[in-house]
Amino acid sequence: MNENILGIVAGILTSVSMIPQLVKVLKEKNAEDLSWTMILVLISGLSLWVWYGFLQNELPIILSNAFAVIVNVILLICCMIYKKKS
């Protein structure tokens, strides 16, 4: 398999992986089962991948991870809005 195709497919899959969770949270307006820590760690890791992509001048890495950062930041915002106060 061509390594560029492999990288593009991997980037697409990891970028869209949290969209089903985001859709569920938005539909149900409930984020009780989500971990803030997990989302923050994920955003941190994805942001580092974006930085790495810039350092390596790799547009696929930059775009796929930047999209994933945006999705997860939206999920974090939903988490703050919809989590019930204990």
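Predicted model: local features only at pLDDT ≥ 70, side-chain atom pairs only at ≥ 80, totals over all residues.
Modeller: Residues are numbered from 1 along each chain as its sequence is written, and side-chain values use heavy atoms, with hydrogens and water left out.

Colleague: What makes the pattern of the protein chain α-α-α-α?

Modeller: Helices are DSSP runs of H or I of at least four residues and strands are runs of E of at least two, both numbered from the N terminus. The protein chain has 4 helices and 0 strands, and reading along the sequence gives α-α-α-α. The C-alpha trace spans about 50 × 25 × 15 Å along its principal axes.

Colleague: Why are H1 and H4 called roughly parallel to each other?

Modeller: Axes are lines fitted to C-alpha atoms, for helices over the stretch in contact, and angles run from 0 to 180 degrees between N-to-C directions. Angles under 35 degrees count as roughly parallel, over 145 as roughly antiparallel, 65 to 115 as roughly perpendicular and the rest as oblique. The axes of H1 (residues 3-16) and H4 (residues 59-82) cross at roughly 5 degrees and come within 8 Å, and the two helices are therefore roughly parallel.

Colleague: Which residues of H1 and H4 meet, and how many of them are nonpolar, polar or charged?

Modeller: With contact taken as heavy atoms within 4.5 Å, Gly11, Thr14, Ser15 and Val16 in H1 meet Ser64, Asn65, Phe67 and Ala68 in H4. By class, this contact has 3 nonpolar, 5 polar and no charged residues, where Ala, Val, Leu, Ile, Met, Phe, Trp, Tyr, Cys and Pro count as nonpolar, Asp, Glu, Lys and Arg as charged, and the others, Gly among them, as polar.

Colleague: Which residues line the largest pocket, and which element gives the largest share?

Modeller: A pocket is an open set of points on a 1 Å grid over the protein atoms alone, with protein on both sides within 12 Å along at least five of seven lines, and lining residues have an atom within 4 Å of a point. The lining of the largest pocket includes Glu3, Asn4, Gly7, Ile8, Glu58, Pro60 and Ile61. H1 gives the largest share, 6 residues, and by class the lining has 3 nonpolar, 6 polar and 2 charged residues.

Colleague: Why is Glu32 called partly exposed, and what is Glu32 in contact with?

Modeller: Buried means under 20% relative accessible area, exposed over 50% and partly exposed in between, with a 1.4 Å probe and protein chains only. Glu32 has a relative accessible area of 36% and is therefore partly exposed. Glu32 lies in the loop between H2 (19-28) and H3 (36-56), and, leaving aside neighbours within four places in sequence, is in contact with Tyr82, Lys83 and Lys84.

Colleague: Why do Lys29 and Asn57 count as exposed?

Modeller: Lys29, in the loop between H2 and H3, has 53% relative accessibility and therefore counts as exposed. Asn57, in the loop between H3 and H4, has 69% relative accessibility and therefore counts as exposed too. Phi is positive in Lys29, near 50 degrees, and in Asn57, about 55 degrees, although Asn57 is not a glycine.

Note on methods. 1 Å grid on protein atoms, 1.4 Å probe; cavity = no way out; pocket = protein on both sides within 12 Å on 5 of 7 lines; lining within 4 Å.
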